[in-house]
Amino acid sequence: MKVLILGATGFIGFPMAQAFVRAGHVVYGQTRSSDKAKRLATEEMIPIVSEVRDTAAYLPLVASLDAIIDAVGGPETNVLSEFLLNATAEAVQAHRPSHAPKLTYIHTSGTWVHGEDRADIVCDTTPLTRPIALTAWRLAQEQRVVANPHVNGIAIRPSLLYGRSGSLLAPFFRKACVERRAEWPGTPGGRLAVVHADDLAELYVLAAEKAAVARGQIFDGSNDVTESTDAFLQRLVEVSGTEAPYRFTTPTNSLLGAHF
């Protein structure tokens, strides 16, 4: 397959791009940085240096692509997600041959759409009834993706990522090692749905390769077991050498208070 990954040098995008290369696919990687483009090239990818909103730099490729994956992050994700889907659908109508199979389009959502639930087991088929305010916009975007008539739309919801660098867990390790404090925003008794960045990458590859049957579906990307927040903090104390016991703190913003 020929695959275009938007946000190819990000925490989700880069391991994903590597996984597609390992699977034998041709990977185009969009990045804003010329320096990061060199990193893509050394990993056997074809870099495209452009702002993500500069769709003229990469969307004409839909004429010969098999899949586009939106792995773009940042504070404007809620706006960019809809913009990219609409731009892709328009490009398909303008550039893709009428006889070509439908383009696969994979959108990156997140499991926080489930909200916090300490009583029930939730999965990708669980109705979404209480998403947190921070990510409530994702529900409508997921539906726009899977219902779009111009692409084979798929949505993937990563849970809390770990591995490599850049994880949301990294600041907790830094605080424990540098400030000698093991702290967590929230209350005791929680459990974390987590997934390694490399395992998540394999999910994207499988979804793209099986798009003919996966189209229109939404998948949660998570390990098959959750992790105790208290147990994580206790291990953090042990590996960092922090002398004081771990403690829970009051969240100071909507991100830290979300689903922990």
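Helix 3 (residues 77-95) and helix 4 (residues 137-147) have axes that come within 11 Å and cross at roughly 10°. Helix 3 is therefore roughly parallel to helix 4; angles under 35 degrees count as roughly parallel, over 145 as roughly antiparallel, 65 to 115 as roughly perpendicular and the rest as oblique. Axes are lines fitted to C-alpha atoms, for helices over the stretch in contact, and angles run from 0 to 180 degrees between N-to-C directions. Helices (H or I, at least four residues) and strands (E, at least two) are DSSP runs, numbered from the N terminus.

The model is predicted: local features need pLDDT of at least 70, side-chain atom pairs count only at pLDDT 80 or more, and totals for chains, interfaces and linings use all residues. Residues are numbered from 1 along each chain as its sequence is written, and side-chain values use heavy atoms, with hydrogens and water left out.

**Helix pairs**

On the helix 3 side, T77, N78, S81, E82 and L85 meet W137, R138, Q141, R144 and V145 of helix 4, where contact means heavy atoms within 4.5 Å. The residues of this contact divide into three nonpolar, four polar and three charged. In these classes, Ala, Val, Leu, Ile, Met, Phe, Trp, Tyr, Cys and Pro count as nonpolar, Asp, Glu, Lys and Arg as charged, and the others, Gly among them, as polar.

Helix 1 and helix 6 are oblique to each other, and their crossing is right-handed. A crossing is left-handed if the near helix is turned anticlockwise from the far one by less than a right angle, and right-handed if clockwise. P15, M16, A19, F20 and R22 of helix 1 touch helix 6 at A197, D198, A201, E202, Y204, V205 and A208.

F172, F173, A176 and C177 of helix 5 and F232, L236, V239 and S240 of helix 8 make the contact, which by class has seven nonpolar, one polar and no charged residues.

| Helix pair | Axis distance | Angle |
|---|---|---|
| Helix 1 (residues 13-22) and helix 6 (residues 197-209) | within 8 Å | roughly 55° |
| Helix 5 (residues 170-179) and helix 8 (residues 229-240) | 9 Å | about 45° |

Seven strands form an open sheet in the order 3-2-1-4-5-6-11, with parallel pairing; two strands pair if DSSP finds at least two bridges between them. Strand 3 (46-49) and strand 11 (218-221) are the edge strands, each pairing on one side only. From one strand to the next, the twist averages 20°.

Helix 4 lies across strand 5 (103-108), strand 6 (151-158) and strand 11, running at about 150° to strand 6.

**Confidence**

The chain has a mean pLDDT of 93, and 97% of its residues reach 70 or more; pLDDT is the predictor's confidence in each residue, from 0 to 100. Over residues 256-260 pLDDT stays under 50, and the model has 18 contacts beyond four places in sequence for them. Where pLDDT is low, the predicted coordinates should not be read in detail.
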